[in-house]
Amino acid sequence: MNQSDFLKVVLPFKDKVFRLAKRLLVSTEEAEDATQELFFKLWKSKDKIADYNNVEAFAMTMTKNYCYDRLKSKQASNLTLVHSNYEAKETSLDKKVEYEDSVNQVYKLIEQLPDQQKIIIQLRDIEQYDLEEIGKMVDMKPTAVRVALSRARKTIREELIKKHNYGIS
């Protein structure tokens, strides 16, 4: 496999790999490093890529595993959450602050979920994978993925309702 063939195979899912890494590692720099490391590993094993049924799912699984390894390392103890990809047109400042606060609350709630639910909600609701593909990536049956996704969404919904109803009798 030459360089152009390799790029045709891996470039379409480059952004998805980065977003998953960013979700798990939080830091943009760490996510960029993880993405680069993944593509380096794929390039080293470029002759074996044709053997995989779904290269994208394989890459997402590799990303998940690499991110978990980074989080387990001692260097990952100082990562912080930063959210800066929300823009609205022609909304008042108080609405912008309110929207940003809500988005940040959802991200914080996602971060508090168990790892498996966190990955599943990332892959389904943000990356738009279907349940069968997610099942292959996380080594679960599609019904178990659906149940975990439902539980994660329910947890987030209940926590948001609690926060929004706080102080209201």
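This is a predicted model: local features need pLDDT of at least 70, side-chain atom pairs count only at pLDDT 80 or more; totals for chains, interfaces and linings use all residues.
Local features need pLDDT of at least 70, side-chain atom pairs count only at pLDDT 80 or more, and totals for chains, interfaces and linings use all residues. Residues are numbered from 1 along each chain as its sequence is written, and side-chain values use heavy atoms, without hydrogens and water.

**Fold.** The protein chain has 8 helices and 0 strands. Both are DSSP runs numbered from the N terminus (helices: H or I, at least four residues; strands: E, at least two). The order along the sequence is α-α-α-α-α-α-α-α.

| Chain property | Value |
|---|---|
| Buried residues (under 20% relative accessible area, 1.4 Å probe, protein chains only) | 33% of 169 residues |
| Accessible surface (Shrake-Rupley, 1.4 Å probe) | about 11200 Å², 48% from carbon and sulfur atoms |
| Contacts (heavy atoms within 4.5 Å) with a separation of 6 or more | 67% between residues 24 or more positions apart |

**Core.** A nonpolar core joins buried Ala, Val, Leu, Ile, Met, Phe, Trp, Tyr and Cys residues through side-chain atoms within 4.5 Å. The largest one has 40 residues, and Leu42 and Leu123 have the most contacts inside it. Elements giving two or more residues include helix H4 (55-72) and helix H8 (142-164). H4 gives the most, with 7 residues.

**Two residues.** Beyond four places in sequence, Leu123 touches Leu20, Met60, Gln128, Tyr129, Ile134 and Met137. Lys118 lies in helix H6 (residues 115-126). Lys118 counts as buried because its relative accessibility is 9%. Setting aside neighbours within four places in sequence, Lys118 contacts Arg23, Leu24, Ile110, Glu111 and Leu113.

Methods: Buried means under 20% relative accessible area, exposed over 50%, partly exposed in between (1.4 Å probe, protein chains only).
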